[in-house]
Amino acid sequence: MKNIMEYNGYRAAIEYDKDDELYVGTVIGINDSISFHGQNIRELKQHFKNNVDNYVDLCKKFGKQPEKRI
């Protein structure tokens with residue numbers, strides 16, 4: 001299974017890892033690395049939102065413009 005999830009201008013490719021029984025997501029279209037996982041879709045969405053928000057906050061803290069390419 002492979003799908004795309006979107007949040008706040010970021011897109012992530014979603015796959016299901018049957019060995020670990022987890023949904024795994026990776027933000028696409030940027031040079032920085034943002035990945036996340038969840039045991040179900042609800043958890044996956046929350047981790048995606050949290051990681052994107054943390055990324056944006058961290059960039060601001062260090063004076064870097066967060067990448068965003070949709």
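The model is predicted, so local features need pLDDT of at least 70 and side-chain atom pairs count only at pLDDT 80 or more, while totals for chains, interfaces and linings use all residues. Residues are numbered from 1 along each chain as its sequence is written, and side-chain values use heavy atoms, with hydrogens and water left out. Helices (DSSP runs of H or I, at least four residues) and strands (DSSP runs of E, at least two) are numbered from the N terminus.

**The nonpolar core**

- A nonpolar core is a set of buried Ala, Val, Leu, Ile, Met, Phe, Trp, Tyr and Cys residues joined through side-chain atoms within 4.5 Å. "Buried" means under 20% relative accessible area, "exposed" means over 50%, and "partly exposed" is in between (1.4 Å probe, protein chains only).
- The largest core here has 15 residues, and Tyr10, Val27, Phe36, Phe48 and Tyr55 touch the most other members.
- Helix 1 gives the largest share, six residues.
- In soluble globular proteins, nonpolar side chains tend to be buried together.
- Leaving out residues up to four places away in sequence, Phe48 is in contact (heavy atoms within 4.5 Å) with Met5, Glu6, Tyr7, Tyr10, Arg11, Ala12, Val27 and Phe36.

**Aromatic pairs**

- Rings of Phe, Tyr and Trp (its six-membered ring) pair if their centres lie within 6.5 Å; planes under 30 degrees apart count as stacked, over 60 as edge-to-face and the rest as tilted.
- Searching the whole structure turns up four aromatic pairs.
- One of them joins Tyr10 and Tyr55 edge-to-face, with 6.1 Å centre to centre and 90 degrees between the planes. Tyr10 sits in strand 2 and Tyr55 in helix 1, so this pair ties together parts that are 45 residues apart in sequence.
- Tyr10 is buried at 2% relative accessibility, and Tyr55 is buried at 10%.
- Phe36 and Phe48 make a stacked pair, because their ring centres are 4.8 Å apart and their planes are at 20 degrees. Phe36 belongs to strand 4 (residues 35-38) and Phe48 to helix 1, so the pair ties together parts twelve residues apart in sequence.
- Phe36 is buried at 4% relative accessibility, and Phe48 is buried at 1%.
- Ring pairs also link Tyr7, Phe36 and Phe48 into a cluster.

- Strand 2 and strand 3 run antiparallel and are joined by seven bridges; strands pair if DSSP finds at least two bridges between them.
- Tyr16 stands opposite Tyr23 in strand 3.
- The two strands form a hairpin with four residues between them, and Glu21 in the turn has a positive phi of about 55 degrees. Glu21 is exposed, at 54% relative accessibility.
- Most residues other than glycine have a negative phi.
- Asn8 also has a positive phi, about 50 degrees, although it is not a glycine. Asn8 lies in the loop between strand 1 (2-7) and strand 2, and is partly exposed at 46% relative accessibility.

**A buried glutamate**

- Glu67 lies in the segment after helix 1 and is buried, with a relative accessible area of 14%.
- A polar atom of the Glu67 side chain lies 2.8 Å from the backbone nitrogen of Asn31.
- Not counting residues up to four places away in sequence, Glu67 touches Tyr10, Ile30, Asn31, Asp32 and Tyr55.

Key
Polar contact = N/O pair within 3.5 Å; in protein donor to acceptor, adjacent residues only side chain to side chain.
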